Amino acid sequence: MTSERTLIDELLAEQQSLTAVARFARQHENGGVPAQARYYRELIPLDKPRPGEQYAFGVDLDACTGCKACVSACHSLNGLDDDETWRDIGLLHGGTIEEPFQQTVTTACHHCVEPACLEGCPVRAYEKDAETGIVRHLDDQCIGCQYCVLKCPYDVPKYSRKRGIVRKCDMCQSRLAANEAPACVQACPNGAITIRVVSKSEVTKHATPGERLLPGVFDSHYTKPTTSYATRKSMPANARAGDATAVRLEHAHWPLIGMLVLSQIAAGIFASASVIAVVSPQHFASVKAPLAIVGFVVLQLGLAVSVLHLGRPLGAWRAFLGLRTSWMSREIFAFGGFAGAAAGFVASSLWPPLAILATPLAHLTTLLAFVGVACSAMIYVDTRRAFWRGDLTFTKFFGTTLLLGSAGAGALLAWFSFGEAARAFAIAATIIRTALFGWELLQLEHALSEKNDPTHGSALTIWQLLRPLVFARVVLFTAATATGLFAIGTAGATMTLFAIASFLFTFISQLIERTVFFTAVIAPRMPGPFAR
Amino acid sequence: MKTLITKAEEMLRAWDGPLTQDLVQQPGMFGLGKVPSRLAPDDTTTMVCGYCSTGCGLKVHLKDGQGINLSGDTDYPVNLGMACPKGWEALTPLAADDRATTPLLRNAEGQLEAVDWDRALVVFCERFKEIIAKHGPESVAWLGTGQITVEELAFLGALGKFGMGLVHGDGNTRQCMATAAVAYKHSFGFDAPPYTYADFEESDVIVLVGSNLCIAHPIMWQRVMRNRHRPEIIVVDPRKTETAMAATQHYAITPKSDLTLLYGLANILIASGWVDREFIATNTTGWDEFSAFVVQFTTERVCAETGLSAEEIWHIADTINRGKRVSFWWTMGVNQGHEATRTAQAIINLALMTGNIGRPGTGANSITGQCNAMGSRLFSNTSNLLGGRDFLKAEDREKVAGILGIDPARIPQRNSLAYDQIVDGITSGKIKGLWVVATNGAHSWIHRKAFEDFAGKLDFLVVQDMYATTETAQIADLVLPAAGWGEKEGTLINSERRFGLVKKVARAPGQALSDFNICKLIAQYWGCGEMFSRWTSPEAVFQILKELSRRQPCDITGIVDYRMIDECGGVQWPWAEREGTSNFEHRTSNIERPEAERRLFEDGKFFTPDGRARFLFEAPRAAAENVDAEFPFVLLTGRGTSSQWHTQTRTGKSDVLRRLYPAEVYVEMNPLDATRLAVVEHSMVAIRSRRGEIRATAFLTTTVQAGHVFVPMHYAVTNQLTNPEFDPYSRQPSYKSCAVAIRGLPDGRWRVGSG
């Protein structure tokens, strides 16, 4: 039986038939030649860069009026993921009541002469093309450590959680190779973006300290960016980014927080073992095993957690490739040595025939641990972010090492009934804790009140968005100090309980400190819009 | 040794692999240049964009007939291969997961429930017929759009008025273009924007009034940038917009003082003898009255009312006088005002008196809003009878009835209520049934609160839309799922009168049907299917529209078919049969081809009965609501960014576009005011008008004058504030001026010093 086809059925069927191809003649004679070339021919150079030269973006700010076509054209013509963009539009504004000023700014990778992303990459997943100077990212080499994201002062590399790697603008190198214009150049209705050939030494020469691509942008001396922004108008002295006063939190990077704090506990515990070996060799013999084992386990835990940070951990074994330039590589290398020495120390403390090696191995482990902590600190110092400045980062990292090392050792020694040694470490922990926390509060107070302090922005972020964490740390500091003092004043099981409590309060406090370390940092970037 | 290490190292670097392959490009062919291999097309087709009235040509990259990507169409005379972000992302919103995929009917529990088309259509007809039977034909109305095709608009309008017997239908075009339409109709005798985009390139003086071209119509700004005559670009706008920044002269006048300024300029031009007496004498009427009228607009008065200095006003006049080819352009800053029609006509007057019309690079040029606002103006059968005719004229009714083969008595002999009057009718209980097609009034209508109350006032509200999630669909009794742009065929008319083609490159989701097909079904279920037996396909309707246009100013009888539109890169009206000479070689057929860019009034003849343009004018008057002690700020509204479209039902569905505008509503205010109110940037402020209060994040910028604030229209809350005041001639709402108060709010953040 066939039922009669209704108008509804007919129209539903018709709606599903695609007719564009069938109904309209195709017109693409000479389809291999890009039609748009007639408009973009003059926007790209005729000649390839010669030795010592490279391609660079040129932006005519007077022609950039904020249509944002470049962003979506880049997205569509490069086939990027739905929410992925390699180009961005920001805003500079300022001026006076009489002479208001605003300027939209198109920006992408600056294909720097000295790319910080490339230097930071532990597995050499970046390549500065010898002929074109284009800074390419080797997607299949990337392990997703995201260090380049921290290193780039222009917020260019973007991490894709879905893919576990970073991707970025490659100046449409395959188009340039075929004498086609990059997507953004093709798509700007006003021809504001061009490709130029520049001399690398000229770029370097002009990137003197204090030079900036645009107001508020990072010092060009760092990476020698090649993009040039030109305008015939005068930029007012108070021109600032649309998002200049935006207070925002950066990524917390939980695995890194865990890795840093745990590895620093381990380093501190080994350091405590070294101290005991020097000060009281007879004690050392009886406490070395628990200290070595706990230190080793905590370190392994830290290293295991750090792997969670990698988008593609299986490639991490290549991390030695970046040793020449990357503090990330050096950290991984140093931690490898640290873990090896720690394992040796564990073996020597457990296996009597090796007992003679225990003391030297303890010292070696401590030495490598400190090298590791220093490398950890350098990872952040090397990003040149103010809040991660050397003195601040080293104080925090080594302060944490000593604080949690002594508090941990204290608790451990109390557990194993070495009351006197435990007390000594608890006293040390109390002094370090007070000094470190006091120093931190002074830093915060100073940065908050001094507008010109380079870390003023971070201080504002802390004060405006993270104040509950500051309060929590005050509470934790008080609790840790109180329990620590109780531990010092008591003995036996009570002491152990208080020492462990004091350690845990301190541990949580330092986890929070490290959360603030990551989230309150001001990541330098190109001028952004008012909000997203 | 070193090289050995280097070599070994290189071997450990993965230069290729699946992740690298993801981004590999290959020649796209079809004139595309390189494309991502993943998205390599097996064919392409061209069509016009369905967002704004610029009407850009887009080249859709097809795979198995389906659009997988797109880029600008290099050969299209409008955009020369360019597109704004909305255009680049035009295919994305089609795949949104909140598309309406089946008809939805509100059930007894008050929930929208999926039903089949048969049930939906039966309910549609039963409920509306019930209401009509009880309250008369005036108790059911429709609100249409400028977003669907000409053929669909004509079907909707003919079905509504001739088939269903309704009297009242209007469109969201009332919100954007009504003023220009009325101004042209009265000044030129027909709603006829005279220009072609080439005029942007030909002018030596470009005057933009209330138009932020860079953001609202970036591809038109492209044409300005292609101007090789180093034009003076004058921008009149209370804000220092992107366009004002790019202009050579910017005049930040007091909001709604534009009419006074324009009359003042006329006065200076006349007093200085900077007028084209010959053109005025030969081609216009009303000159004596007009020139006598503007005498009262002394420079002193204009200075006082506009906030400009005498030098500035004289400089504008002088620039206009020195220009050989002066073009005047206006957009929503003019159209959305309480005396908008007179303001538009004041611009027209300037063009007429200086003889800047009908020549390359001249004109009094309204830049339209929506992709098919112009189609709506001619063929929606709402304020005009089909083809730009008059419901009140018996001969027009008979003409249309004859062409359509219907009884002239079926054509209403009076005009429809305008949008605001329909809203009032609903509020007062006269209108009980409403059919909303492709518009989102619950977001966009001025003082939108009225719309929210509809749910309680209307007996039956039908919303026909691509999305079931619009603010308006959410309050509907019945939702009809519509196919969108790219899922159907038809034509759109752009700002410069160009018919462009929309093609079918995507499958509508589920049971969604084109508005054309929905009209066809309603006609059948209503019982008037016979009347539309010739309306079989969009192209068949296009042939009917050609007949309707015959010997009208918008005569398109010379456009043979869709293919001709496709091959010519769009065709501007008029293009009458056997008209014109062709400079084009015949490529594939013997059809006479129009020049790519044509303008009107080259012969100085207008569409009025006497062929003369009219000088129309009226004394300026204050807006209904002005600032006072309680509400000391003027609220300006407008487009936020080029990546946002109106109520965001589509642009909100693209991740890329969403990255390009602030997610939350914000208010731009001057730092002076912020200091006075102790508002810091990025903090929350409350904005209160007599109609409501909203919260927004403060952005401090000198581009907004002290005493003004600007809030983009794309956020649903904005129109809780606006004041329902209308231009008396065009009934267009005055969105750009109402009085508000601002106060800082604690936003949960601690601040230094206020902690």
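1. Start with Leu32(B), which counts as buried because 25 C-beta neighbours sit inside 10 Å. The cut-offs here: 20 or more other C-beta atoms within 10 Å of a residue's own means buried, 12 or fewer means exposed, and in between is partly exposed, with C-beta atoms placed from the backbone. Leu32(B) is in the loop between strand S1 (25–27) and strand S2 (34–36) of chain B. Leaving out residues up to four places away in sequence, Leu32(B) touches Pro34(A) and Ser71(B); touching, or contact, means C-beta atoms, placed from the backbone, within 7 Å.

2. Ground rules before going on. This is a predicted model, so local features need pLDDT of at least 70 and side-chain atom pairs count only at pLDDT 80 or more, while totals for chains, interfaces and linings use all residues. Residues are numbered from 1 along each chain as its sequence is written, and chains are lettered from A and ligands numbered from 1 in the order in which they are written.

3. Chain B overall: 28 helices and 28 strands. Both are DSSP runs numbered from the N terminus, helices being H or I with at least four residues and strands E with at least two. The radius of gyration of chain B is 27 Å, which agrees with the value near 27 Å for a compact globule of 755 residues; the radius is taken over C-alpha atoms, and the globule rule is 2.2 Å times the number of residues to the power 0.38. The C-alpha trace of chain B spans about 90 × 70 × 65 Å along its principal axes. Buried residues are 62% of the 755 in chain B. Of the contacts in chain B with a separation of 6 or more, 72% involve residues 24 or more positions apart.

4. Among contacts in chain A between residues at least 6 apart in sequence, 72% join residues at least 24 apart.

5. On the interface, 92 residues of chain B are in contact with 75 residues of chain A. Which helix gives the most to the chain B side? That is H9 (residues 218–225) of chain B, with five residues. By class, the side of chain B that touches chain A divides into 43 nonpolar, 25 polar and 24 charged residues. For these classes, Ala, Val, Leu, Ile, Met, Phe, Trp, Tyr, Cys and Pro count as nonpolar, Asp, Glu, Lys and Arg as charged, and the others, Gly among them, as polar.

6. Now a helix pair in chain A. The axes of H14 (residues 390–415) and H15 (residues 419–449) of chain A come within 8 Å and cross at roughly 155°. Axes are lines fitted to C-alpha atoms, for helices over the stretch in contact, and angles run from 0 to 180 degrees between N-to-C directions. H14(A) and H15(A) are therefore roughly antiparallel to each other (under 35 degrees is roughly parallel, over 145 roughly antiparallel, 65 to 115 roughly perpendicular, the rest oblique). The crossing is left-handed, meaning that the near helix is turned anticlockwise from the far one by less than a right angle; clockwise would be right-handed. The contact of H14(A) with H15(A) has 15 nonpolar, five polar and one charged residues.

7. Look at the linker too: Ser417(A) is in the loop between H14 and H15 of chain A. Its phi is near 65°, a positive value in a residue other than glycine. With 13 C-beta neighbours inside 10 Å, Ser417(A) counts as partly exposed.

8. His111(A), in the loop between strand S3 (100–107) and helix H5 (116–120) of chain A, has a positive phi near 40°, and is buried because of its 30 C-beta neighbours inside 10 Å. The peptide bond from Trp573(B) to Pro574(B) is cis, with omega near 0°. For context, most residues other than glycine have a negative phi, and most peptide bonds are trans.

Terms used. Two residues are in contact if their C-beta atoms, placed from the backbone, lie within 7 Å.
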